[in-house]
There are 2 protein chains.
Amino acid sequence: MQVHDLPALAGLRVDGARLWKSLMDLAQIGATAKGGVCRLALTELDREARDRFVEWAKETGCTVRVDAIGNIFARRAGRRDDLPPVTTGSHIDTQPTGGKFDGNYGVLAGLEVLRTLADANVQTDAPLEVAVWTNEEGSRFVPVMMGSGVFAGAFTLDHALAQCDREGVSVRDALCAIGYDGAALAPHAVGAYFEAHIEQGPVLEANDKTIGVVTGALGQRWYDLTIHGMEAHAGPTPMELRRDALLVAADLIRAVNRIALDHAPHGRGTVGCADVHPNSRNVIPGRVALTVDLRAADDASLRAMDAALRAACANAPLPVDVKEVVYFAPQPFDAALVESVREGAGALGLSSMDAVSGAGHDAVYLARVAPAAMIFVPCKDGISHNEIEDARADHLEAGCNVLLHAMLRAAGSTQTESA
Amino acid sequence: MQVHDLPALAGLRVDGARLWKSLMDLAQIGATAKGGVCRLALTELDREARDRFVEWAKETGCTVRVDAIGNIFARRAGRRDDLPPVTTGSHIDTQPTGGKFDGNYGVLAGLEVLRTLADANVQTDAPLEVAVWTNEEGSRFVPVMMGSGVFAGAFTLDHALAQCDREGVSVRDALCAIGYDGAALAPHAVGAYFEAHIEQGPVLEANDKTIGVVTGALGQRWYDLTIHGMEAHAGPTPMELRRDALLVAADLIRAVNRIALDHAPHGRGTVGCADVHPNSRNVIPGRVALTVDLRAADDASLRAMDAALRAACANAPLPVDVKEVVYFAPQPFDAALVESVREGAGALGLSSMDAVSGAGHDAVYLARVAPAAMIFVPCKDGISHNEIEDARADHLEAGCNVLLHAMLRAAGSTQTESA
């Protein structure tokens, strides 16, 4: 038996070509004509992709368990198998017009780590796990990030199982139908959680960096605004006698932008929806509904942004209803794990920069119950949730190597089994 | 035989109660539960209302003709019947959720003038006419102001007859079905045209005036704008890397307002429609379509407003397509007829103010082929095209008296027949 410590494993690398082939193979399941993937959660296609993952995991020597919300845990035993596992993962459900990389990369990067360790006969102290979290996208069932949300106690299993899609099919029935209604396992302790993911934004590409060291996830506050004006004929109504709801909406759209800029660099403010009533060419709009999405890296900023939005609405020249509909607290990732990602990228000679996750990810829920961190790699033009989503094989390989070494470090001193 | 000249007729007044009763009677045809009227052009209800008008006109001693687009002309002979008639009128089709007064008031005020003259045995030099113009509203068939548009040569009879409603029924067939497909009369000369109408705006009420002396109709330029941005996820995309089409739209909405204010008092600028793509809460809008409606009293202003709009679009930080879809030239009314309305209101002791017509009216087309003017009376809260449209009986009576005396003056010296 030959024993290696961490420095001796510093030269270990994943097989980028194998990772890429696995990504392309999995992307065949639900492949769209435009080169994307449509593989909604808990469909037959999802079952097929899950089966493929389970088959690959078992070939790598893993044991596989499925919990009651359909999360899959592929486990590679550790030398001290009583330790909580070092876990990585993501999701393999997609948007209706999704791409090949969102989620799938995190799962298959985890699989590639296990394959690499198996090939090199490396054994870790703590066991390793690759998790496939159920229904991250939320395209068919809400809430989004359902599997990781149940795991982290963000909402109950029963609540999740009772949700129905637009055809009235419940999560419970959909899980049964595809045979992924697992045992009612209590969520197990996780020693550390890493998630590799395409950035889904343009920052790494704009800065020509390979690795995003994700320091945390932005908090989010979402609102529904309704502006109440007075419909009137656009011809006979002079400007000074109007109560134009769309004009006030325009000022609030600008205000949301300004509020975000006031909280640079991580403040974000988006009006995604505007619905105008009656939406007629020659009628002054009488009512406009806007959605507002505010994000910030810390709760003090998010509170200040909330106050600024409410002030803008209160000071508007027409009545504005403000209803907050979603709140996610900012979620900093574990400082030690973040540092290990940062150092790992440096040791591998990869360019990197600190980043924040603006979107929700399973890691954000996992961070509630375990030390967690994420590794971003660039995606082309920052585009995701789109069939043209694309990423470079060398970037995906680089992120997977960072994941490998971060997991090795978190899993404790390692040794090779007898070759 | 007793002869009166105009001064002797100065004391002549319409019967306000009779006018009100006729308005209420006609409003029963197509009455809605909310107190409005739904009487779309060339429907069975329109036929019923037309029949009622024809019956009333004949009872008043008129001859009635119908032209090929269904316009009805009720004619009261003049002493010199070879003179071109002094005509008044409007329309009796309504919006789907229309009121009792829009259009109907102009027609029934004209009828009340003829009834008053008949009761007082007044004969005019020139013949008098009350016209009912087909399909002013455009709710079922476009173009709007169809009957007066054909009469004035704004478009051809054949073009109008060929238009179809959403069920594919043509104007030609609809006219036949209700028996108002009249003879292919050549449009006849009109000596003067007056139209009494509710204001459909808030200006008279805001200024506490009974009579609006309408000096002309605003010109109109309508546009479709399309702003091309880039859809992106609202979370991962920092503010400085966004191409947010709705943010640019907001600035253009504000710009349209500013352009109108720069051309006070008659400049108008309205964005009535905004359609956002993909209109999703957490996606930065990638494309926004806006409609723009610019109006002004003179063509120089309208040209300047057009240039300012195009400059705002050209200077926007994202590409903006600008397509002009409608152009109506400003239409000043006949100075002498406007003055006779102004003087008539004064002689009747009525408060008045100059006004412009911001909306389209049959009179705007008539002004292309005859001296024309309009008389506005207030409507409650400026509301029209709405079942709650309302107007005061005393205002309607006052406007009708102004119409009476304006028509008497335009029709030349008058005499009473033998009593």
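Contact here means heavy atoms within 4.5 Å. Keep that in mind, everyone. What you see above is a predicted model.

Let's start with one residue. Which residues does Thr43(A) touch, leaving aside those up to four places away in sequence? Arg140(A) and Ile178(A). Thr43(A) itself sits in a loop of chain A, between α1 (16–27) and α2 (44–59). A polar atom of the Thr43(A) side chain lies 2.7 Å from the backbone oxygen of Leu40(A).

Now step into helix α2 of chain A. Arg47(A) and Glu44(A) both lie there. They are three residues apart, about one turn of the helix. In general, side chains of opposite charge can pair when their charged atoms come close. Here the side chains of Arg47(A) and Glu44(A) meet in a salt bridge, at 2.9 Å from N to O. Over all chains, the count comes to 44 salt bridges.

Next, zoom out to the domains. Chain A is divided in two. Domain 1 takes 6–217 plus 331–416. Domain 2 takes 219–328. How far apart are the C-alpha centres of the two domains of chain A? They lie 36 Å apart. The contact between them takes eight residues from domain 1 of chain A and six residues from domain 2 of chain A.

What area is buried between these two domains of chain A? About 490 Å², with carbon and sulfur atoms giving 52% of it. Three residues stand out on the domain 1 side. Ala217(A), Val356(A) and Gly358(A) supply 63% of the area that domain 1 of chain A buries against domain 2 of chain A. That is more than any other three residues.

And the polar side of that boundary? Between domain 1 and domain 2 of chain A, the salt bridge count is zero. One residue pair is in polar contact there, with both residues at pLDDT 80 or more. On the domain 1 side that touches domain 2 of chain A, the residues divide into five nonpolar, two polar and one charged.

Now the two chains together. Chain A can be laid on chain B with an RMSD of 0.1 Å. That takes a turn of 180° and a shift of 0.1 Å along the axis. The two copies are thus related as by a two-fold rotation axis. Which residue of chain A has its C-alpha nearest that axis? Ala250(A), at 2.1 Å. The same surface serves both copies, and 100% of the contact residues of chain A recur in chain B.

On to the numbers for that interface. In chain A, 52 residues are in contact with 52 residues of chain B. The area buried between chain A and chain B is about 4400 Å². Carbon and sulfur atoms give 61% of that area.

How many salt bridges cross between chain A and chain B? Four. In one case, the side chains of Arg281(A) and Asp224(B) meet at 2.8 Å, N to O. There are also 14 residue pairs in polar contact between chain A and chain B, both residues at pLDDT 80 or more.

Which elements of chain A supply this surface? The largest share comes from α8(A), with nine residues. In all, the side of chain A that touches chain B divides into 26 nonpolar, 16 polar and 10 charged residues.

Last topic: the backbone. Most residues other than glycine have a negative phi, and most peptide bonds are trans. Chain A has some exceptions to show you. A cis peptide bond joins Ala264(A) and Pro265(A), with omega about 0°. Pro265(A) is in the loop between α8 and β10 of chain A. Another cis peptide bond joins His277(A) and Pro278(A), again with omega about 0°.

Where is Pro278(A)? In the loop between β11 and β12 of chain A. Asn279(A) is also placed in the loop between β11 and β12 of chain A. Its phi is near 55°, a positive value in a residue other than glycine.

To close, go back to the pair of chains. Look for Ala250(A), whose C-alpha lies 2.1 Å from the axis. Then find Arg281(A) and Asp224(B), which meet in a salt bridge. Thank you.

Technical notes
Residues are numbered from 1 along each chain as its sequence is written. Chains are lettered from A and ligands numbered from 1 in the order in which they are written. This is a predicted model: local features need pLDDT of at least 70, side-chain atom pairs count only at pLDDT 80 or more; totals for chains, interfaces and linings use all residues. Side-chain values use heavy atoms; hydrogens and water are left out. Copies are superposed by least squares on the C-alpha atoms of residues with pLDDT of at least 70 in both. Helices (H or I, at least four residues) and strands (E, at least two) are DSSP runs, numbered from the N terminus. A polar contact is a pair of N or O atoms within 3.5 Å; within protein, one must be able to donate a hydrogen and the other to accept it, and residues adjacent in sequence count only if both atoms are side-chain atoms. Buried area is the accessible area (1.4 Å probe) that two parts lose on being put together, summed over both. Ala, Val, Leu, Ile, Met, Phe, Trp, Tyr, Cys and Pro count as nonpolar, Asp, Glu, Lys and Arg as charged, and the others, Gly among them, as polar. Domain bounds come from an automatic or database domain assignment.
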